[in-house]
Amino acid sequence: MNSTASVNVHSIALQVPITDLALGGVAPTSTSAAQSSVGVWTTASRRKARVLTSAGGAGTETGPYVQVSRLGNPLFNEVLVPLAQKDQWNASQPSGDSAYASGVANPELASLLNVLYPGAFPNLAAYTKPRADLEAILLTGIPAGVVSASFSTLTGAVQADMLRLNLAIPPTASPNPLGVVGGDVGGFPNGRRIMDDVVTIELQAIAGATIPLVDKTFKPDAAIADVSDGLSGTGLKFLSGFPYLGTPYSGYDTAA
């Protein structure tokens, strides 16, 4: 069920020139060059202490701000970080994410797919190698030559959960909501467009869709095509220019 269908979702949209992000302030032109890719993440912080009053009410927040959450790739914390480490991960910096790399190389969800759908993913069940495909997609960026000779989102050897974007790849007039998995290198995990079906993309990747990028001997299971978050995107409306997000729904005119 799409719980946000016909419901407004608050967004903060910023338009930033490529030259403000690119190394040396020069817009890159080579899609395979190391300086063409950038990595970004966001954090959320709260005041360190909350003081309650004897009269009740909301109380007072005081002290310095402390990071309580962060996000690079969607679902990284929710799916790949062990439950006991989630708070620690949320309070840390991406530069230390090598401590969580084992959850990427050996994702528990991949094993659960075979439990939930017995016999549907025999090739995935038999695959015992560390998931180098997921490590590249989520932790270092994809090196040139993996998807194609000219495509890369590599940001270096340091393992870090960041949303990566190749600044030299122009937008396409006909985006595929499955992004790179659907053959559209202008989409997730190369950046994250508002029309990208990131949940389906990540689920299909974990189910083995991206293993052939690093291991040509692996044959993806046919059931991968049925792995989806169940949302079609039907009815979504976008603007032709910035901020691209559709006009908000009226509070007096909502779907039944």
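## Cavity and aromatic pairs in a predicted model

One cavity of 30 Å³ or more is counted in this structure, which is a predicted model. The largest cavity holds about 30 Å³ of space. Its lining consists of Asp133, Ala136, Ile137, Ile142, Val146, Thr210, Leu213 and Val214. Sorted by class, this lining comprises six nonpolar residues, one polar residue and one charged residue.

The aromatic rings form a second topic. Across the whole structure, a search finds three aromatic pairs. Two of them are set out below.

| Pair | Centre to centre | Angle between planes | Arrangement |
|---|---|---|---|
| Phe76 and Trp89 | 5.7 Å | 20° | stacked |
| Tyr127 and Phe218 | 5.2 Å | 70° | edge-to-face |

The pair of Phe76 and Trp89 links distant parts of the chain: Phe76 belongs to helix α2 (residues 76-80) and Trp89 to helix α3 (residues 86-91), 13 residues apart. Phe76 and Trp89 are both buried. Trp89 has a further contact, in that the charged end of Arg70 sits over the ring of Trp89 at 3.9 Å from its centre.

Why does the pair of Tyr127 and Phe218 count as edge-to-face? The planes of the two rings stand at 70°, and an angle over 60 degrees places a pair in that class. Tyr127 lies in the loop between α6 (122-126) and α7 (132-140), whereas Phe218 lies in the segment after α8 (198-209), so the pair ties together parts that are 91 residues apart in sequence. Tyr127 counts as buried because its relative accessibility is 18%, and the cut-off for buried is under 20%. Phe218, at 7% relative accessibility, therefore counts as buried too.

Methods. Residues are numbered from 1 along each chain as its sequence is written. This is a predicted model: local features need pLDDT of at least 70, side-chain atom pairs count only at pLDDT 80 or more; totals for chains, interfaces and linings use all residues. Side-chain values use heavy atoms; hydrogens and water are left out. On a 1 Å grid over the protein atoms alone, a cavity is a set of points where a 1.4 Å probe fits but cannot get out, and a pocket is an open set with protein on both sides within 12 Å along at least five of seven lines; lining residues have an atom within 4 Å of a point. Grid points are joined across faces, edges and corners, and a volume is the space filled by probe spheres set on the points. Ala, Val, Leu, Ile, Met, Phe, Trp, Tyr, Cys and Pro count as nonpolar, Asp, Glu, Lys and Arg as charged, and the others, Gly among them, as polar. Rings of Phe, Tyr and Trp (its six-membered ring) pair if their centres lie within 6.5 Å; planes under 30 degrees apart count as stacked, over 60 as edge-to-face and the rest as tilted. Helices (H or I, at least four residues) and strands (E, at least two) are DSSP runs, numbered from the N terminus. Buried means under 20% relative accessible area, exposed over 50%, partly exposed in between (1.4 Å probe, protein chains only). A charge sits over a ring if NZ of Lys or CZ of Arg is within 6 Å of the ring centre and within 35 degrees of the ring normal.
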